[in-house]
Amino acid sequence: MKRRDFITLLGGAAAAWPLAAQAQQQPTIPVIGFLRSASPADSTHLVTAFREGLKEAGIVEGQNVAIEYRYADNQIDRLPALVADLIRRPVAVIVGNLAPALAAKATTTTVPIVFVTGGDPVQDGLVANLNRPGGNVTGVSFFSSVVGTKRLELLRQLVPRATTIAVLVNPDNPNTEADRRDVQAAALAIGQDLIVLDARSVRDIETAFATFVQRGAGALLAGGGAFLNPIGNGSSHWRLAMRCRRAMPSARPS
């Protein structure tokens, strides 16, 4: 190497050293990947609650943690790509409901995954054992999918005049078949007439409501999952639910 080339190279390296040292000295904050199978609009209240929970633990977004938000907009087939995107970011942990957690588990065995589900995480394939989940997955379950019989009982008490009860479920939700069997078995045992319809989209919900009204349903029991969860004011689901209530007068408590 010529002397002049060497001096030029050395000068460039010397200029880069302070920048590299400064980059190493700047602290980096961990990144949380927040992944939902629903849309941003339908997850607003959940994001607020999540931030408040972090704050109570001394973790504040933008100060000592960053959060990357991803939403599948009720298109479950988008979840693997969203998980891969978060891993490339990279994130320190992925937080999500059942379907995103399953997609994350199928993608990574190293990034920690924290789930929230209304079903049995062992049966759903998230963990091996409730006491000792094992692997990189843990979370919270409130087992709402195993109380279908009780929910039907309460609905009959609230709307005793409803001879026919409508049930709306999302077939893309991993807990749907268990929910369906639970409610149908309970209805058969007490002689309750049910109309069970599937809904994957807002259009499906509108079509189902029209069928419920046409067939004289007097009350509605919504299945589990993010898509059919009670949603805050302003969402299309909430407006549809109000439309359904107006269309089924007998569903109003006396």
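# Close-up views of a predicted model

Buried residues account for 37% of the 254 residues in the chain. The coordinates come from a predicted model. Eight helices and eight strands make up the secondary structure of the chain. Of the contacts between residues at least 6 apart in sequence, 66% join residues at least 24 apart.

**View 1. The open sheet of five strands.** The strand order is S2-S1-S3-S4-S5, and the pairing is parallel. Strand S2 (66–71) and strand S5 (137–141) are the edge strands, each pairing on one side only. From one strand to the next, the twist averages 20 degrees. Strands of a sheet pair through backbone hydrogen bonds, either parallel or antiparallel.

**View 2. The pairing of strands S4 and S5.** Strand S4 (residues 113–117) and S5 run parallel and are joined by five bridges. Within this pairing, threonine 138 in S5 stands opposite valine 114.

**View 3. Helices H3 and H4 on the five-stranded sheet.** Helix H3 (residues 79–88) lies across strand S1 (31–36), S2 and strand S3 (93–97). The direction of H3 is at about 175 degrees to S1. Helix H4 (residues 98–107) lies across S1, S3, S4 and S5. H4 runs at about 140 degrees to S3.

**View 4. Aromatic residues around phenylalanine 34.** Three aromatic pairs are found in the structure. In one of them, the ring centres of phenylalanine 34 and phenylalanine 50 are 5.2 Å apart and the planes are at 45 degrees, so the pair is tilted. Phenylalanine 34 belongs to strand S1 and phenylalanine 50 to helix H2 (residues 44–56); the two residues are 16 residues apart, and the pair links distant parts of the chain. Phe34 and Phe50 form one aromatic cluster together with Tyr69. Phenylalanine 34 has a relative accessible area of 5% and is buried.

**View 5. The aromatic pair in helix H7.** Phenylalanine 209 and phenylalanine 212 form a tilted aromatic pair, with 6.3 Å from centre to centre and 45 degrees between the planes. Both residues lie in helix H7 (residues 202–214), three residues apart, which is about one turn of the helix. An α-helix has 3.6 residues a turn, so residues three or four places apart point the same way. Phenylalanine 209 and phenylalanine 212 are both buried.

View 6. The 13 residues of H7 should span 18 Å at 1.5 Å a residue, and the end C-alpha atoms are 19 Å apart, which agrees. Ile205, Ala208, Phe209 and Phe212 are the buried residues of H7. These residues cover an arc of only 105 degrees around the axis, and are therefore on the same side of H7. Arg203 and Gln214 are exposed on the other side of H7. Glycine 216 follows H7 and has a positive phi, near 80 degrees.

**View 7. The open sheet of three strands.** This sheet has the strand order S7-S6-S8, with parallel pairing. Its edge strands, strand S7 (193–198) and strand S8 (219–222), each pair on one side only. On average, neighbouring strands of the sheet are turned by 25 degrees against each other, direction ignored. S6 and S8 run parallel and are joined by four bridges. Alanine 166 has leucine 220 in S8 as its bridge partner.

View 8. Asparagine 170 is placed in the loop between strand S6 (164–169) and helix H6 (176–190). The relative accessibility of asparagine 170 is 11%, so this residue counts as buried, the cut-off being under 20%. With its neighbours within four places in sequence left aside, asparagine 170 is in contact with Thr176, Ala199, Arg200, Phe227 and Leu228.

Notes
Residues are numbered from 1 along each chain as its sequence is written. This is a predicted model: local features need pLDDT of at least 70, side-chain atom pairs count only at pLDDT 80 or more; totals for chains, interfaces and linings use all residues. Side-chain values use heavy atoms; hydrogens and water are left out. Two strands pair if DSSP finds at least two bridges between them. Axes are lines fitted to C-alpha atoms, for helices over the stretch in contact, and angles run from 0 to 180 degrees between N-to-C directions. Contact means heavy atoms within 4.5 Å. Rings of Phe, Tyr and Trp (its six-membered ring) pair if their centres lie within 6.5 Å; planes under 30 degrees apart count as stacked, over 60 as edge-to-face and the rest as tilted. Buried means under 20% relative accessible area, exposed over 50%, partly exposed in between (1.4 Å probe, protein chains only). The expected span of a helix is 1.5 Å times one less than its number of residues. The arc is that of the directions from the helix axis to the C-beta atoms.
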